[in-house]
Each structure stands twice: as C-alpha cells, then as structure tokens.
Amino acid sequence: MAEVVVLEEKSVDASLVRRAVEFLTEGRRVVLPTETVYGIAVRADSREALSGLLRAKKRSAKSPFTLAFSDSVRVARFVPQMPVVAERLSRRCFPGPLTLVLRVEGRDSEAERLPADVRPFIVSEGYLGIRVPQHSFTQRVLESVDFPVALSSANISGEVDTTSGRAVSQAIGTQVDLIFDAGECVLGKASTVVKFPADSGEYTVLREGAISKKVLAGLTRPLYLFLCTGNTCRSPMAEVMARKILAEKYHVSVEELERKYVNVLSAGIAASGNSPASAEAKQVMAEMGLDLSHHLSTLVTDERIRQADRIFVMTELHADIVCQAVPDAASRITIMNVPDPYGGSVERYRESAEKMRQTLEREWRF
C-alpha cells in the first residue's frame, strides 16, 4: 500500500517537495494534487517508469501521456512554436484546467530529444499533450525536477476520476508508491482537452471538462487592450473608436463584434477606479457619434496584460511600466505616442482623438 502524506493547506513544505522529487527521480509513481483531479506523476524520460504507469492504470499503450509543467517557460522548450490561438489560450489559462494537444516537430523541440524508446508513450502521430496544473505544491515539484514529467489521472483507466486523497488510496493505493493528500480538489472535474492542427486557428475539443465549450470560445477571441495613465481620457477614447473601426472592418454591429470576433478594453496604469471619463473626452467622442457616458476607470492588472493579444499604450513610459510588470508583453505592445490632454482645452482633446483615430485606421483598415 502506498505511503500517504497529508499536505498543509497554507504552505508548501520544502522537505516534502524534495521527497517527491527523490521518488520521481528513482522512477517511482507519485500521486500529486491538482485543481482538477489527482494525477499520477512519473519521469517521462524513463521507459521503465512509463511502462509502470501503464500497468498501474491498466491503460492501453496506444494512448499517450500528457506532460505536466510548472509554467509556460518550460512548456516553450517542448512547443517553441504554437498556433496563435493555442498561444492565446496558454496565456489565459495556464496555470489552469486546460490541456493542449499540439503538433511538435523539428530540432527546436525538446520532445525530439526524448529517448527513442519513450517517445511512443508521449508523442502520438507528432502530437504532444501539455498541461500546467494550478496547485502550489505540484508546481513546486514540477519546477524542482530536471527531467520531463508525465501526469495521468489517478485512477484505473475508464473508471471515475479521483478528487480526494482518500479516493486515490481506495482506487489505486496498491499501484503507486507515494500519495500527497491535499484534500478535495478545488474544481473536482478533469481538464478540458483541446487539439490544434499545426499552424491553424481551428481546434477540436477532445474532452469538455472544467472549461465549458462556451467559455472556451470566448477565451479564443483576440483581446485588444488600451492603456493610459488614469483611464479617463486617452485610453477610453481609443477604446470606443477601436470598437467602431473594428465593427466596420468585420461588417457587424458594435454589439456583435465582441460576441463573435474580438474583445476591446481599456484601463489605466495608475487609475483610481470607477472614475468617469473627463467631460472633454465625452464631448469629443459625442462629436464623433460615440458614447463615453457610462465609462468608469479601471486599474490594469498583470493578469489582464498577460491576457491581451495587443496592448496599445500612449507613451514610451507606459510601455516601460508594462514591461517591468510583465516582461514578455514587450512583443505585443504598440506605442501610439499621444500626449496627455488632461487639463487642456477641448481642442487639445480633439487633436489627441484624431491622432489615435488615424493610428487605428492604419492598423486595421485594409
């Protein structure tokens, strides 16, 4: 029977992380908690460890195992080039209840450097499953190993998923070596599995899990984010102008735009929150047939920056602040070079709005 270690709720014990790593290094089967269901982890560069996992689960060798990673940086070593929509989902859902099945090929992928006798356990017809679980203990374990880790649900293949340490012990306690019991899983439902053909925005939902198909569809839409300082003049003006221009580009109403094609938001890097647009911004937008009367300022978050596909900032200073907060956002930033009209005349607001309008039309009108 497997040894069971109960984890504390509020902290990660470094000695227990080391113990998990030692067991994995030795090729043994370790049950780890995730936010979805419990999983059996083994080192993925060992044929013996992977064969043992197959036997423990009574699973067919035809079904490859998913690799689990601590973060997106490690994912990129195995999948250096993702389809655009897959990369978007990884930014918005990792760590979280999503498994991506992606094409891997070429010398840039570490999957190509896996031992030949283990590749059939991990890569099937050129596709690899990847997952970044959202659990602090499991993430610490995954970031502490120097080898890839395969993670499969902690149950006999085809039987019900296990969502508690007790359920794991009852289901497969004799088939694993060590169980880390963190109580009930937060979500208690398996991850959603999405497969992407190479270089394609199309995808197939192989399993609808914790993320519904409806929510997934929303997550796949592009997000354009406009940032200024206080989110009371420049960025909200750019936001409503962008919606109008994009709606015309897609030949839909502004309401349909965000239901079907793209999301447009604005925020401020120093916004106080819930402040209305300035009177001058409202007036200038009204002159263009646009409405800012319901706008309330929002403070930008690091999470929102990571979610955005394009980040339009007003000045280089804004860009620097964004990059300090989220360094990998640099490639997604466009600097609009619009001075702050706050406190100035209505004419100054008109000049700022016109500059932003011209920039956006060059960006999106073909």
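Which hand does the crossing of H9 and H14 have? The crossing is right-handed. Keep in mind as you look around that this is a predicted model.

Let's stay with that helix pair for a moment. Two packed helices are described by the angle between their axes and the distance between those axes. Here the axes of H9 and H14 come within 10 Å and cross at roughly 35 degrees. On the H9 side, the residues that meet H14 are Arg234, Met237, Ala238, Met241, Ala242, Ile245, Leu246 and Lys249. Facing them from H14 are Tyr349, Ala353, Met356, Arg357, Leu360, Glu361 and Trp364. Sort this contact by class and you get 11 nonpolar, four charged and no polar residues.

Arg234 turns up again when you go looking for charge pairs. Side chains of opposite charge can pair when their charged atoms come close. A search of the whole structure finds 20 salt bridges. One of them links Asp340 with Arg234, with the closest N and O atoms 3.5 Å apart. Arg234 belongs to helix H9 (residues 234-250), while Asp340 lies in the loop between S15 and helix H14 (346-364), so this pair ties together parts that are 106 residues apart in sequence.

H14 also meets helix H11 (residues 279-287). The axes of H11 and H14 come within 9 Å, crossing at roughly 60 degrees. That angle makes H11 oblique to H14. H11 passes H14 in a right-handed crossing. From H11, the contact is made by Glu280, Ala281, Gln283, Val284, Met285 and Glu287, and from H14 by Val346, Tyr349, Arg350 and Ala353. The class count for H11 with H14 is six nonpolar, one polar and three charged residues.

Now for the strands. Four of them form an open sheet in the order S13-S12-S14-S15, with parallel pairing. At the edges sit strand S13 (263-268) and strand S15 (333-335), each pairing on one side only. Neighbouring strands in this sheet are turned by 20 degrees against each other on average, ignoring direction. Helix H13 (residues 316-325) packs on the sheet, where it touches strand S12 (223-228), S14 and S15. The direction of H13 makes about 160 degrees with that of S15.

You can walk across part of this sheet residue by residue. S12 and S14 pair in the parallel sense over four bridges. Start at Phe226, whose bridge partner in S14 is Phe312. Phe312 in turn stands opposite Thr334 in S15. Strand S14 (residues 310-313) and S15 run parallel and are joined by three bridges. Val313 stands opposite Ile335 in S15. As a general point, side chains in a regular strand alternate between the two faces of the sheet.

Ala14, Leu16, Val17, Ala20, Val21 and Leu24 in H1 meet Phe137, Arg140, Val141 and Ser144 in H6. By class, that's eight nonpolar residues, one polar and one charged.

While you're at H6, take a look at Gln139, which lies in this helix (residues 136-144). Beyond its neighbours within four places in sequence, Gln139 is in contact with Ser70, Pro95, Val132 and Pro133. For a sense of distance, Gln139 and Lys195 are 56 residues apart in sequence, and their C-alpha atoms are 23 Å apart in space.

Most residues other than glycine have a negative phi, and most peptide bonds are trans. The bond joining Phe94 and Pro95, though, is a cis peptide bond, with omega about -10 degrees. You'll find Pro95 in the loop between helix H4 (84-93) and strand S5 (98-103). Lys58 is worth a look for its phi, which is near 55 degrees, a positive value in a residue other than glycine. Lys58 lies in the loop between helix H2 (47-57) and strand S4 (66-68).

Terms used: Residues are numbered from 1 along each chain as its sequence is written. This is a predicted model: local features need pLDDT of at least 70, side-chain atom pairs count only at pLDDT 80 or more; totals for chains, interfaces and linings use all residues. Side-chain values use heavy atoms; hydrogens and water are left out. Helices (H or I, at least four residues) and strands (E, at least two) are DSSP runs, numbered from the N terminus. Contact means heavy atoms within 4.5 Å. Ala, Val, Leu, Ile, Met, Phe, Trp, Tyr, Cys and Pro count as nonpolar, Asp, Glu, Lys and Arg as charged, and the others, Gly among them, as polar. Two strands pair if DSSP finds at least two bridges between them. Axes are lines fitted to C-alpha atoms, for helices over the stretch in contact, and angles run from 0 to 180 degrees between N-to-C directions. A salt bridge is a side-chain nitrogen of Lys or Arg within 4 Å of a carboxyl oxygen of Asp or Glu. Angles under 35 degrees count as roughly parallel, over 145 as roughly antiparallel, 65 to 115 as roughly perpendicular and the rest as oblique. A crossing is left-handed if the near helix is turned anticlockwise from the far one by less than a right angle, and right-handed if clockwise.
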